[in-house]
Amino acid sequence: MLDLFTIFSKGGIVLWCFQSTSQISQFFIPSVNSLIKTVILQERTSSNNNYEQDSLSLKYRLDNEFDLVFVIAFQKILQLSYVDKFLDDIQLEFRDKYKNDLARKNYFMEFEFSKNFKEVLKSAEEWGRAQACIPKQMRTFNESTKSKKTVASMIERKGDDKENKKNLKMIETQKNDKEVNHNSVSFNEEDLITQNRLKMAQKMGAINSNKLKKNKEKVPKPSPKATKQPRTWPLGGAAKDISSLDYTKDKPNNNADSPIEIETNNEIVGQMVGGIKDIEIDSDSGEEESDEKFETAAERKKKNDSKKSVFSMFKGLVGRKNLTTADMDPVLEKLKEHLVAKNVAIEIATKLCDSVSSKLEGKVLGSFESVASTVKTTMIESLVQILSPKRRIDILRDAMMAKKNDKPYVMAFCGVNGVGKSTNLAKICFWLIENNLRVLIAACDTFRAGAVEQLRTHTKHLNALHPAKKHNDQQMVQLYEKGYGKDAAGIAMEAINHAKEAKYDVVLVDTAGRMQDNEPLMRALTKLIKVNEPDMVLFVGEALVGNEAVDQLVKFNQALADYSSSVTPHLIDGIVLTKFDTIDDKVGAAISMTYITGQPIVFVGTGQTYTDLKSLNAKAVVAALMK
């Protein structure tokens, strides 16, 4: 039974609506609004056009020619086999009846569609009952799993079918034994006697050889020669050589009053005042050359034929037609391979291509437009929309607001091992003190050896770049540490309280790297975030990863939701993309991470120095992705 059916334009004007009861709208309106917000507006349409929320299921169809959306809603527990057929039929019925009005965008007229709706629904329900009575058909070859096998799965490798080969050998040996037994019947007594004599001779020979071996073992062996003793080298790394081998330049002296001298590069001071600069990517590739990459063979032939004759230009003027899935499939397949080659996760590349296909299906193609250029333009628009932040994140503004309210602005960093959390935390710290904000670093990585020492070194260098005498005798950066093996959530809480008392403006919480499948460490991270309630949780990820980025982000967000007892758990607020200088134009990880979380990329790490911190330029990244 259908609970709700509605037809509305992409501009949000409801043309016609059906409700099974008058009170049903209050249950389904939030789900329809969620569908519009998360799927239609963000262009995240899937191939099956299905959307589920709580106990409700929604099916939708997009009419790109007239910019209409057809939505049907029902309880998820119901198995309605006729829904897809009904949506297709009702879309054609509505288009055929009001084709002229829709072409003129006349959306404010009264649409008398109740009678047509009931007839189409009745026809679809009868079709569904008839289909239920038909016995289940055998699957075609294309629907079977065998048709989905790749060439790689059919290649025989070493170690395969060893058991089959062993069974064949056993059968062959059994056959040979039978033949031998069969032939032995014809032996006479003289042959048996000669065989027994040969066996006896072999046994006697083996006994004599064993006696000779025992006599040889009784002979005493000569004593081994004296071996050469290893040479003892000077400065071999013993305890007495430590003082000679220690080349540390900023080693503290025994005198507590003597300052530590650190070599600093003062040229970088003042370069990061204000907002962070956008990242620059070389994407100087010809537009025509890029379009030709996605053109099909038929389009190339048509292009070449059009150059041969002047009159062929007039034929193209009447070449307007509606785009179909068959027209777009070859181009989308090439586009998908291109995205995967640029490090976009396979799952995300497939969803993006499905979204473009749904958006363009039924659209009227212009006279001078090719399928490849149309698909590419639509994909670029979708990618720019995905990378553009849904909300503006201004950390300097938020930190100033927190400072006015006499509390520190807290940022927590999380991620897997070895992605550069501590290094990029130090870069962000340098940017903050460049903008005259005092920073407290909380050393909550109490697991990795050397983590506290690394932050201690960064603190010394940052204070050397911005000494206290330049800031009214106020130390700009301080490290709050409690050593190793302690509770990270407790250290973070103490650091935040200390920041309130000492009037620090920002608290940067460094956490231990952890794999997304490590449940104890993920529970500890959830506890740290729930107890301290930071203003921003940043996920630090590498730009080198492909499909792994999807797994990491999904499981981090899932763990923060599952292990938190709160009704509204604090999930990831933004992303720090590191090692961006190592990937050339393979920038697909940015698309994968942003598509999964829906959160923006706040910072991009582009090197090893404190100034190698940029903000994401969506258009530059998409241009590099599509070249």
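The second largest pocket of this predicted model holds about 640 Å³ of space. Of the 27 lining residues, Asn49, Thr325, Ser357, Ser358 and Glu361 are the closest to the pocket centre. Two or more lining residues come from each of β4 (56–63), α2 (83–97), α11 (325–341) and α12 (346–360), where helices (H or I, at least four residues) and strands (E, at least two) are DSSP runs numbered from the N terminus. The lining comprises five nonpolar, 12 polar and 10 charged residues, Gly being counted as polar.

Strands β12 (residues 536–542) and β13 (residues 574–578) pair in the parallel sense over five bridges, and Val540 has Val576 in β13 as its bridge partner.

The structure contains 16 aromatic pairs, defined by ring centres within 6.5 Å, with planes under 30 degrees apart counted as stacked, over 60 as edge-to-face and the rest as tilted. The ring centres of Phe5 and Trp16 lie 6.2 Å apart with planes at 55 degrees, so this pair is tilted.

Residues are numbered from 1 along each chain as its sequence is written. Local features need pLDDT of at least 70, side-chain atom pairs count only at pLDDT 80 or more, and totals for chains, interfaces and linings use all residues, while side-chain values use heavy atoms, with hydrogens and water left out.

Conventions:
Pairing = 2+ DSSP bridges. 1 Å grid on protein atoms, 1.4 Å probe; cavity = no way out; pocket = protein on both sides within 12 Å on 5 of 7 lines; lining within 4 Å. Points joined across faces, edges and corners; volume = space filled by probe spheres on them. Phe/Tyr/Trp six-rings, centres within 6.5 Å; stacked < 30°, edge-to-face > 60°.
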